[in-house]
Amino acid sequence: METHPVAEPIGGKPHASPNYMLIWLFLFILTVAEVLVAFVSHLPKTALILILLVLAVWKALLVALYYMHLKFEPKKLWIVAAAPLPLVLILVGTVLMESW
Amino acid sequence: MSTIVLPQDAQGHAAPHHDDRSFVRKYIFSTDHKIIGIQFLFMSLFFLLVGGILAMAMRWQLAWPSDPNVPLPGGGMLPETMVTNGIMLPEFYNSLVTMHGTIMVFFAIMPLLVGVWANYLIPLQIGAEDMAFPRLNMASFWTAVPAGLIMMSSFFVVGGAANAGWTGYAPLSVNEVYSGVKLGQQLWALSLITLGFSSLMGSVNYITTIVNMRAPGMTYMRMPLSTWALFITSILILLAIPVLTGALILMFFDQTLGTTFYQPQDGGQPLLWQHLFWFFGHPEVYILILPAMGFVSDILSNGARKPIFGYTAMVLAIAGIAFLGWVVWGHHMFMSGMNPMLGSTFMVTTMLIAVPSAIKTFNWLGTLYRANIRFHVPMLHALAFVSMFVIGGLSGIFLANTPVDIPLHDTYFVVAHIHYVLFGGSLFAIFGAITYWFPKMFGRMMNKPLGYVHFALTFVFFNLTFFPMHMLGSGGHMRRLYDPTQYPNLAEMQDTNVFITISALLLFGTQFIFLVNFFWSLFKGEKAPSNPWEANSLEWAAPSPPPHGNWDGVLPTVHRGPYEYASPETEADYLPQTVALRAPARTHEPIGD
Amino acid sequence: MSSHAAAAHLAEPRRMPGIGVYNMKLGMWVFLLSEVMFFASLIGAYIILRFANPEAFGLPGEVLNVPLTGVNTFILICSSVTMVKAFAAIENGDRNGLKWYLLATALLGAVFVGIQVVEYNVLAHEGFVPIASEYAAHGRDETGPLVGGPLYGATFYTMTGFHGLHVTIGVLCLLFLTVRAFMGKYTQANHGGVEIVGLYWHFVDLVWIILFTIVYLI
Amino acid sequence: MDEFWRLPDTISTFGADIDRLFHAIVIITGIVFVLVEVTLVVFLVKYRHREGRRSEYSHGNTKLEIGWTSATALIVLILGMVSWGLWQRIKNPAFFPEPGLQLEITAKQFEWNVKYPGADGQLDTDDDFTVRNQLHVPANVPVQIRLQAEDVIHSFFVPELRLKQDAVPGMEIPMWFEATTAGNYVVGCAELCGLGHYRMRGSMTVHEPADFESWQQSRIAAATNGAGPATDAAPAAPQGTSVAAAAATHAH
């Protein structure tokens with residue numbers, strides 16, 4: 001039922017097509033790296049958690065930017081997509097403060 | 001009276017727009033945003049009445065606790081598990097407390113502000129023919145209805161309705177060993193989860209509509225403040241409701257599966273519920289006031305016949321309140337045993353909310369300065385909002401201040417505060433909004449004398465009911481007490497409780513004037529012109545009531561902001577957004593946002 | 001996915017430009033934001049509970065089968081790439097590619113859910129259950145002492161379970177898309193549905209990436 | 001002013017500070033309240049509709065707005081700063097004074113069980129004794145209390161002490177006060193805790209230090225005389241189950 005008053009054709013503007021298989025390879029390597037970091041390395045707990053979180057966020061960003069095409073969207077949509085992130089940080093941050 | 005002829009006026013008097021939808025498609029499973037708004041209006045007015053009746057029963061008990069000489073009127077009709085020999089049982093009183101809060105917050109005020117007006121006003125005020133997703137909109141209403149039915153049904157199940165307070169603090173709310181209520185508490189959680197889906201569908205719709213479907217010339221900074229407030233409220237709903245849903249799901253698992261998220265056995269955390277609930281709950285509080293601020297701004301500017309003072313500051317203040325709403329939830333938990341450093345941090349963020357609130361209040365006063373004020377009924381309600389919201393806001397400073405909150409927390413001071421904001425604030429704004437947009441919704445004017453009487457009595461009895469509660473609270477009167485006379489220090493203040501109850505009964509009785517006026521005007525009211533208040537915003541350019549599709553196929557073009565009253569560009573004291581003064585205006589209008 | 005009838009007679013004058021994406025896509029993005037908050041609430045709960053009772057949670061790999069889940073993660077990542085390939089195909093007008101990539105995505109998603117069901121089954125037999133009174137997980141060797149506590153089971157099943165529910169819904173949507181693709185409903189000019197469901201599917205993948213790290217590896 | 005607000009006379013050392021802050025806020029908010037409401041009424045009368053009048057065409061005044069915004073921000077920030085220290089002093093265990101008496105209160109539906117140290121003055125030893133619904137403390141001695149709950153959340157509230165603290169199951173929350181005036185007061189529960197919430201009432205007796213000593217001795221004597229666990233039902237407490245519950249009160 002929705003109308004499409006904007007110039008964009010349905011399905012999005014034509015955009016540069018990234019190499020999806022390369023992203024897939026990256027995701028695969030990062031996943032393997034995560035498992036290795038968690039089980040093979042003998043890092044201190046805090047460093048381990050930090051490295052794992054960085055790897056996870058890296059993977060999540062790859063998915064959001066390339067597979068969800070955020071990289072090729074109007075900048076205004078970036079604002080929309082980023083809106084809940086500060087709130088998530090506030091919630092998780094306070095919860096951590098409370099726990100310590 | 002007016003020198004302006006609206007282009008739409010001609011269409012409004014033309015042959016009615018042919019509509020071949022069946023009755024069911026038109027009025028029951030309608031996808032028309034206006035019908036859905038009206039459906040929400042009837043639903044939430046019903047729940048407002050239910051919530052009011054529950055409050056009256058509570059007040060009766062508080063004034064004459066367990067007094068066989070003053071039995072609860074109608075108590076005889078209730079089963080023995082609620083009222084025995086005219087004496088209300090404590091478990092039923094706790095259910096009343098819980099259900100009054102839950103129903104008023106989730107099924108009366110929230111849909112009255114958002115469900116009704118976001119649906120009805122947004123497309124009209126931004127110049128769209130309907131919502132972005134009309135069928136999703138219909139689904140939103142038809143999800144809210146079963147949620148309400150589930151909530152109401154809990155009164156009739158074994159053990160009665162939920163009785164752990166509207167805040168549902170765990171472990172009382174998750175373990176029937178402590179509360180005596182199992183099924184009622186589960187239905188409570190289930191109903192709110194269901195309602196969450198309804199709100200979510202609504203807010204996705206409102207946001208998309210406002211972002212993508214504004215009429216030509218309708219830049220963001222030309223939107224009426226009602227729409228701005230509803231826009232930001234939708235964002236709050238979108239991001240806050242899922243947190244409540246998550247928290248309720250964990251609660252439901254605790255209640256049904258035997259998990260222990262919120263129960264201290266095996267390491268569960270009762271405070272976890274409070275954190276999640278209030279992380280949702282404080283944005284929720286602003287969901288319940290921001291739209292009211294928007295409506296009041298529209299009505300006030302119209303009644304004052306003057307542009308709203310500081311439009312940009314008003315928009316920024318709404319956004320500021322909305323953002324601060326996310327970082328203050330801990331002020332509900334000052335006494336909860338939360339880390340005291342967090343308490344101090346939350347105090348400062350909470351007190352900062354005074355800043356945008358003050359901006360709004362002063363700007364409303366600024367709007368009245370050197371104005372030419374018409375005291376129509378909606379205007380009176382809007383003015384009552386301003387003066388009552390000031391009291392609610394100022395009493396909030398007491399509660400935000402951590403040391404002062406120590407004696408006041410969980411007392412009637414809090415009850416007074418919330419009712420000054422939610423009744424004195426939101427509900428006055430709702431009365432204002434209903435009386436203001438009634439002609440647009442139903443094509444008929446509401447009765448004026450009845451409107452004035454209803455306003456005056458409501459204003460007086462409201463203050464007589466809720467102001468003394470401040471003093472009860474600072475006197476040490478705890479909330480949610482079935483029988484305050486059990487405490488010798490509170491028994492001394494019993495005459496105040498009686499006074500409050502009598503005022504509350506009168507306040508409740510006064511509302512029937514409104515109901516009579518509403519239904520009488522619905523059928524017998526004077527026919528309304530398309531712009532009875534001589535207002536500027538787009539909805540008044542459509543016929544009253546607007547046809548399906550709103551604009552008869554031609555989107556209105558917007559030339560200016562919505563508050564151009566007393567503009568030097570025209571003879572009349574108002575200048576609608578659609579009126580082009582300099583031809584050809586269309587091509588000269590800036591289109592960018 | 002949409003009818004242009006309503007829009008047609010309102011074509012002039014044109015609306016404000018809006019955000020630059022069509023309504024359904026904006027709507028899906030907006031909806032995903034609320035999903036972010038939903039999972040944030042579950043993760044926040046997990047953090048509070050875990051910090052409050054570190055001893056109630058097992059070490060990585062102690063109870064949970066990480067190799068199996070690693071394979072499952074790989075499957076979900078693969079399904080994301082087939083999804084995006086499906087979208088790329090129809091963008092280029094390759095309707096045949098769309099069909100088979102969509103089918104592959106749906107199947108991979110179903111395999112993910114299937115493996116999760118197997119995983120749950122095995123774990124439940126090992127005594128790793130969400131119900132406090134029946135928790136009896138002894139870890140992977142089944143002979144050691146009791147590992148973790150009921151909260152471990154409860155948070156694990158809640159977080160992965162709600163993700164699994166999302167995957168299941170996604171598979172159903174994908175099957176719907178596949179059927180429509182085989183009926184030839186999507187064209188190079190009109191394939192909004194593929195993009196919308198794709199966004200949802202990638203988001204579900206994204207959530208899994210975070211959950212896998214938090215639940216299984218930390 | 002206290003008459004109007006019905007604030008009971010405070011009997012704790014920090015109570016007077018809270019009251020001072022309360023009164024300061026009453027004055028600040030009172031001024032704002034009067035200013036706003038009077039301005040509102042004056043505007044309503046002065047600028048009411050008259051034939052031939054036209055509103056001033058103005059969209060605001062940026063200077064004025066910046067002015068009142070920063071004034072409000074300044075006032076609330078000062079108020080916040082002033083309250084910061086007092087709150088930390090009352091609630092942050094790092095700033096608690098050296099206790100002269102340590103007690104443990106366990107709340108449960110619907111009673112307060114107060115555990116006193118026995119002759120050794122130490123909690124968690126064999127000679128501790130528990131009294132139901134009766135809190136006895138000496139005047140002018142800092143009392144530190146470990147607050148816990150057995151079942152649901154309760155909230156310890158003595159209006160005269162200006163002290164309130166939730167008791168949360170699974171948590172042990174410290175709180176302190178120093179009473180200054182001997183007398184009898186009421187301990188209430190401020191958090192909805194079930195159907196008996198309204199009668200979850202205890203009594204607090206503040207003794208002169210010497211009297212407290214003798215009260216404590218009599219209790220210890222009663223406990224060691226083999227009269228069973230030292231229990232005590234609150235006088236005239238209207239609990240339906242009071243006899244059974246009193247008998248069951250544990251001597252840990």
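**Entry 1. Conventions**

I note that this is a predicted model, in which local features need pLDDT of at least 70, side-chain atom pairs count only at pLDDT 80 or more, and totals for chains, interfaces and linings use all residues. Residues are numbered from 1 along each chain as its sequence is written, while chains are lettered from A and ligands numbered from 1 in the order in which they are written.

**Entry 2. Helix α4 of chain B**

I took up the opening question here. Helices (H or I, at least four residues) and strands (E, at least two) are DSSP runs, numbered from the N terminus.

I then looked for a bend and found a kink of about 60° in α4(B), centred on B:P111. The bend at a residue is the angle between axes fitted to the seven residues ending there and the seven starting there.

Next I checked burial. I count a residue as buried if 20 or more other C-beta atoms lie within 10 Å of its own, as exposed if 12 or fewer do, and as partly exposed in between, with C-beta atoms placed from the backbone. By this count 35 of the 37 residues of α4(B) are buried, so the helix is largely enclosed by the rest of the structure. Just after α4(B), I found B:G127 with a positive phi of about 80°.

Axes are lines fitted to C-alpha atoms, for helices over the stretch in contact, and angles run from 0 to 180 degrees between N-to-C directions. Angles under 35 degrees count as roughly parallel, over 145 as roughly antiparallel, 65 to 115 as roughly perpendicular and the rest as oblique.

I examined helix α7 (residues 183-212) and helix α8 (residues 225-256) of chain B, whose axes come within 8 Å and cross at roughly 155°. The two helices are therefore roughly antiparallel. Their crossing is left-handed; that is, the near helix is turned anticlockwise from the far one by less than a right angle, clockwise being right-handed.

I also examined helix α10 (residues 290-304) and helix α16 (residues 412-442) of chain B. Their axes come within 9 Å and cross at roughly 50°, and α10(B) and α16(B) are therefore oblique to each other. The crossing in which α10(B) passes α16(B) is left-handed.

**Entry 3. Backbone exceptions**

I kept one rule in mind: most residues other than glycine have a negative phi, and most peptide bonds are trans.

Which residues does a cis peptide bond with omega of about -15° join? I found this bond between B:S544 and B:P545. B:P545 sits in the loop between α19 (494-524) and α20 (585-588) of chain B. In chain D, a cis peptide bond joins D:Q109 and D:F110, with omega about -10°. D:F110 belongs to the loop between β1 (101-108) and β2 (111-116) of chain D.

I turned to positive phi values. B:R480 is not a glycine, yet its phi is positive at about 55°. This residue lies in the loop between α17 (448-474) and α18 (488-491) of chain B, and it counts as buried with 22 C-beta neighbours inside 10 Å.

D:R6, also not a glycine, has a positive phi of about 60°. I located D:R6 in the loop between α1 (2-5) and α2 (15-46) of chain D. Is D:R6 buried or exposed? D:R6 is buried, with 20 other C-beta atoms within 10 Å.

**Entry 4. A loop residue of chain B**

I looked up B:A170 in the loop between α5 (134-153) and α6 (176-179) of chain B. With 31 C-beta neighbours inside 10 Å, B:A170 counts as buried. From B:A170 to B:F519 I noted 349 residues in sequence and 42 Å in space, C-alpha to C-alpha.

**Entry 5. Chains A and C**

Chain A has four helices and zero strands. Of its 100 residues, 28% count as buried. The domain assignment, which is automatic or from a database, gives domain 1 (15-68) and domain 2 (74-100) in chain A. The C-alpha centres of these two domains lie 20 Å apart.

Chain C has six helices and zero strands. I recorded 53% of its 218 residues as buried. Its C-alpha atoms fill a box of roughly 70 × 35 × 25 Å along the principal axes.
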